[in-house]
Protein chains: 2
Amino acid sequence: MGALPKLSVLKGDLDVLAIGETLIDFISVEETDSLRHACTFRKVQGGSPANIAVNVAKLGGRAAVISKTGIGAFGQFLKAELQRAGVVTDYLIMDHRVHTSIVFVSRTQGTPDFEAFRSGDYRLEPQEVDEGAIKRAKVIHASTWPLSRQPSRAAVERAFQLAHQHGKIISLDPNYSPQIWPDYREAKDVLRRMLGYATITKPSLDDARRIFGSDRAPEESIALLHEMGPKVVVFTMGARGILLSEEGRITPIPARPVQVVDATGAGDAFWAGFLVALLDGNSLQRSALFAREIVERKLTTVGPLPDSIDRQAVYDTINRLANEEMA
Amino acid sequence: MGALPKLSVLKGDLDVLAIGETLIDFISVEETDSLRHACTFRKVQGGSPANIAVNVAKLGGRAAVISKTGIGAFGQFLKAELQRAGVVTDYLIMDHRVHTSIVFVSRTQGTPDFEAFRSGDYRLEPQEVDEGAIKRAKVIHASTWPLSRQPSRAAVERAFQLAHQHGKIISLDPNYSPQIWPDYREAKDVLRRMLGYATITKPSLDDARRIFGSDRAPEESIALLHEMGPKVVVFTMGARGILLSEEGRITPIPARPVQVVDATGAGDAFWAGFLVALLDGNSLQRSALFAREIVERKLTTVGPLPDSIDRQAVYDTINRLANEEMA
């Protein structure tokens, strides 16, 4: 497992099928390090896989989610938000037995304080993963959230098994958080097993520190991740750039200085850009350059990416850049 | 059961011990009938028994709660709010295994849309009801919320059994909500059993309709409630006034026309006023007149009652009123 399938054999009308949490973020209006001091909260659609699906749709790709919400006002709000963004919601399961998962987040320049009230997101069951959805998709993407609990862990595993059978690209975001998954030993075991199915993974420096400890060099973490399965490891280091590794052959991609005004969702912007460019037939390196453009747009914008991004304009920019470098 | 104990035999340094939900209300900033259209929410301390305890403290009484919250920012906020109001929090249980329960509420002139995310509030266990707390209190008060689920139902039953053994006043708010407790048949059975312990109950017209159906006359509902146990039934009908029934002898107490600006929490204001006046040694009728004054202050104020209410000034008002009627 772990090798990238040839694009020519990838079939399906969905570019990306994201499995995992679709939830509501309640973000404090007040800037504060502690939720205790936050008084007012704004409701926004959230959840990393859902955000990646939304970003893919904004880039003109076709994306769907496999997620579970409640049937109440919050579930309806999320479905409407996904549809507004152009995400296919055929596999969004609204279940009267669960609540829509919600997360309270403090708005801060530092590390946000958060508290998750999980319900629907982890109660996705393996039999609710539609094989037809997997067949329709080119990339099956999952986050670490659904791996932290059952039955959603089994649901992701079934999705990955089906994706493997059907020769799909499998991407797994190792966005491990001890607050979401306090059992570190279990997390490491499960991540190891699930990375065994994956073609691509994209750890951030913070992810790698949380998984492997803070004393490892990025190259060591990359080697450990390759051993677990993925042939492609995209190691993002913020202002220090990206290490793109294909079976251990590492290409560094520098970050460019930008005026960061809002870093929330930068990782999801990267994933969407990278996958869309890869499915367009670009090399890993060119896909990473494309993703870097999308991330920079995110970092320099308050709030989410604009509703529609001209993909060709992004290619024009990276082509110009390549020409300048050759000149 | 069901008779009012003589005040002279009531011992304890706590006037009211309220058992049930202490939670956070997230109230929409926007005025809307549907949570789906609400975007921004303000966090306030809530839960009917907790609000009654707060109101008792504002009236200069000594109140405590038996409730369960999580240990995070929201549980800490609630504890601080109760303490700020002067409520004894010795029996507030903060449990790392639960979340603090939260309720989203739409702010509206009509019937508010709400969605409850329950966790800590119903996970109060019978062994967490401290017999020492019961002994310290003159009135043990509970709401219907904790009866709707286990183990909190068993916790309230244990509290009521201990309260009965120790000869306390037991009050039960029959604030039944089908959304909180969809199993109507179970609700009726449990309420019947728990009302068997109660000395006092205070149904509103809406409560009575939800419990007994919409076609009953208030007098019929009062008779049915007396049959279940309580010797005192205070039947509140909003602008139509109050029917005060002691073992079936009904005294009507008219409402006075007021400019209602915020009806939220009116029932909890009534309970607090009624119990405080009763413990001051007043007759049921005079206690209801005292409670009416407190409710009117609530109805004509946006937000909660003021932090401190001069109890003597309220008595002066009702004494003046009595003199005017006699003149």
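Glu247(B) sits in the loop between strand 12 (242-246) and strand 13 (249-253) of chain B. Its phi is positive, about 50 degrees, although Glu247(B) is not a glycine. Helices (H or I, at least four residues) and strands (E, at least two) are DSSP runs, numbered from the N terminus. This is a predicted model, in which local features need pLDDT of at least 70, side-chain atom pairs count only at pLDDT 80 or more, and totals for chains, interfaces and linings use all residues. Residues are numbered from 1 along each chain as its sequence is written, chains are lettered from A and ligands numbered from 1 in the order in which they are written, and side-chain values use heavy atoms, with hydrogens and water left out.

**Interface of chain A and chain B**

- Chain A gives 24 residues to the contact and chain B gives 25 residues. Contact means heavy atoms within 4.5 Å.
- About 2,200 Å² is buried between chain A and chain B, and carbon and sulfur atoms give 60% of it. On the chain A side, Arg36(A), His99(A) and Phe117(A) lose the most area to chain B, together 27% of what that side buries.
- Buried area is the accessible area (1.4 Å probe) that two parts lose on being put together, summed over both.
- A salt bridge is a side-chain nitrogen of Lys or Arg within 4 Å of a carboxyl oxygen of Asp or Glu.
- Polar contact is found across the interface for 17 residue pairs (both at pLDDT 80 or more). Such a contact is a pair of N or O atoms within 3.5 Å; within protein, one must be able to donate a hydrogen and the other to accept it, and residues adjacent in sequence count only if both atoms are side-chain atoms.
- On the side of chain A that touches chain B, two or more residues come from each of strand 2 (23-31), strand 3 (40-46), helix 2 (73-84), strand 6 (102-107) and strand 7 (114-117) of chain A. Helix 2 of chain A gives the largest share of that side, five residues.
- The residues of that side divide into 14 nonpolar, six polar and four charged. Ala, Val, Leu, Ile, Met, Phe, Trp, Tyr, Cys and Pro count as nonpolar, Asp, Glu, Lys and Arg as charged, and the others, Gly among them, as polar.

**Strand pairing**

- Strand 3 of chain A pairs with strand 3 (residues 40-46) of chain B in the antiparallel sense, over three bridges. Two strands pair if DSSP finds at least two bridges between them.
- Chain A has an open sheet of nine strands with mixed pairing, in the order 5-4-1-8-9-10-11-12-13. Its edge strands are strand 5 (92-94) and strand 13 (249-253) of chain A, each pairing on one side only.
- Strand 4 (residues 63-69) and strand 5 of chain A run parallel and are joined by three bridges. Lys68(A) has Ile93(A), in strand 5, as its bridge partner.
- In chain B, strand 6 (residues 102-107) and strand 7 (residues 114-117) pair in the antiparallel sense over four bridges. A hairpin joins these strands through six residues.
- Phe104(B) stands opposite Glu115(B) in strand 7 of chain B.

**Salt bridges**

- Over all chains, the structure holds 40 salt bridges.
- One of them pairs Asp13(A) with Arg136(A), with the closest N and O atoms 2.9 Å apart. It links distant parts of the chain: Asp13(A) is in the segment before strand 1 (14-19) and Arg136(A) is in helix 3 (residues 131-136) of chain A, 123 residues apart.

**Backbone geometry**

- Gln150(A) and Pro151(A) are joined by a cis peptide bond, with omega about 0 degrees. Pro151(A) lies in the loop between strand 8 (137-142) and helix 4 (152-165) of chain A.
- Gln150(B) and Pro151(B) are also joined by a cis peptide bond, with omega about 5 degrees.
- Glu247(A) has a positive phi of about 50 degrees although it is not a glycine. Glu247(A) is placed in the loop between strand 12 (242-246) and strand 13 of chain A.
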